Amino acid sequence: AAVDLANSLSQNRTLKKLNLCGNRSVATRGWMAFSTVLQTDSRLAALGLSDCNISNEVAVMIATSLTHNSSLKNVRLSGNPFIAATGWTAFSTLFQNPDSRLVSIHLCRNNIGDEVAVSFATSLANNRRLEILDLSGNPSITAVGW
């Protein structure tokens, strides 16, 4: 079903918001197809992927895809505890991308720790677009990360 949705989205000319929150049973193959669509979709402005049990591997694919997307402004990836530091660090590249239109990203209730928080801070040094980086509910971020 996820692959079919991704195929349909590849023809998208009007959809601006897509909320897939809570879809915990999507397999890696489905997320791979979806991440491919994210690279080229020029209409989608908001994407909800919270509480989807996204794996570390999938997070890296999504982050990589989003570096090629110039329309997405809002992303929600909260409540995905299976994403490890390497998955979250892949988003640092996205924050450095001067073509990114990303204005807000919500990463609440994840296993984000100091290493990732420092990586985000470093990558955001020259970012002029991102207005909201929500890291609430990540108790592994200590004074070092803040």
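This briefing walks through the helix packing, aromatic pairs and a few individual residues of the structure above.

The model is predicted, so local features need pLDDT of at least 70 and side-chain atom pairs count only at pLDDT 80 or more, while totals for chains, interfaces and linings use all residues. Residues are numbered from 1 along each chain as its sequence is written, and side-chain values use heavy atoms, with hydrogens and water left out.

**Helix packing**

- Two packed helices are described by the angle between their axes and the distance between the axes.
- Contact means heavy atoms within 4.5 Å.
- The residues joining α4 with α5 divide into 6 nonpolar, 5 polar and 1 charged (Ala, Val, Leu, Ile, Met, Phe, Trp, Tyr, Cys and Pro count as nonpolar, Asp, Glu, Lys and Arg as charged, and the others, Gly among them, as polar).
- Asn-56, Ala-59, Val-60, Ile-62, Ala-63 and Leu-66 of α3 meet Thr-86, Gly-87, Ala-90, Phe-91 and Leu-94 of α4. The contact of α3 with α4 has 8 nonpolar, 3 polar and no charged residues.

**Aromatic pairs**

- The structure holds 3 aromatic pairs. In one of them, the rings of Trp-88 and Phe-91 have their centres 5.8 Å apart and their planes at 40°, so the pair is tilted.
- Rings of Phe, Tyr and Trp (its six-membered ring) pair if their centres lie within 6.5 Å; planes under 30 degrees apart count as stacked, over 60 as edge-to-face and the rest as tilted.
- Trp-88 is buried at a relative accessible area of 0%, and Phe-91 is buried at 0%. Buried means under 20% relative accessible area, exposed over 50%, and partly exposed in between (1.4 Å probe, protein chains only).
- Phe-95 and Phe-120 form an edge-to-face pair, with 5.1 Å from centre to centre and 70° between the planes. Phe-95 lies in α4 and Phe-120 in α5 (residues 114-123), so the pair ties together parts that are 25 residues apart in sequence.
- Both partners count as buried: Phe-95 at 2% relative accessibility and Phe-120 at 1%.

**Two serines with polar contacts**

- Ser-100 sits in the loop between α4 and β4 (104-106) and is buried, with a relative accessible area of 7%. A polar atom of the Ser-100 side chain lies 3.1 Å from the backbone nitrogen of Leu-102.
- Leaving aside neighbours within four places in sequence, Ser-100 is in contact with Leu-94 and Arg-129.
- Ser-136 is in the segment after β5 (132-134) and is partly exposed, at 39% relative accessible area. Its side chain makes a polar contact of 2.8 Å with the side chain of Asp-134.
- A polar contact is a pair of N or O atoms within 3.5 Å; within protein, one must be able to donate a hydrogen and the other to accept it, and residues adjacent in sequence count only if both atoms are side-chain atoms.
- Not counting residues up to four places away in sequence, Ser-136 touches Leu-107, Cys-108 and Arg-109.

- Asp-51 has a phi near 55°, a positive value in a residue other than glycine. Asp-51 is placed in the loop between β2 (46-48) and α3 and is partly exposed at 21% relative accessibility.
- Asn-53 lies in the loop between β2 and α3, with phi near 55°, also positive. Asn-53 is partly exposed, at 32% relative accessible area.

Terms used:
Helices (H or I, at least four residues) and strands (E, at least two) are DSSP runs, numbered from the N terminus.
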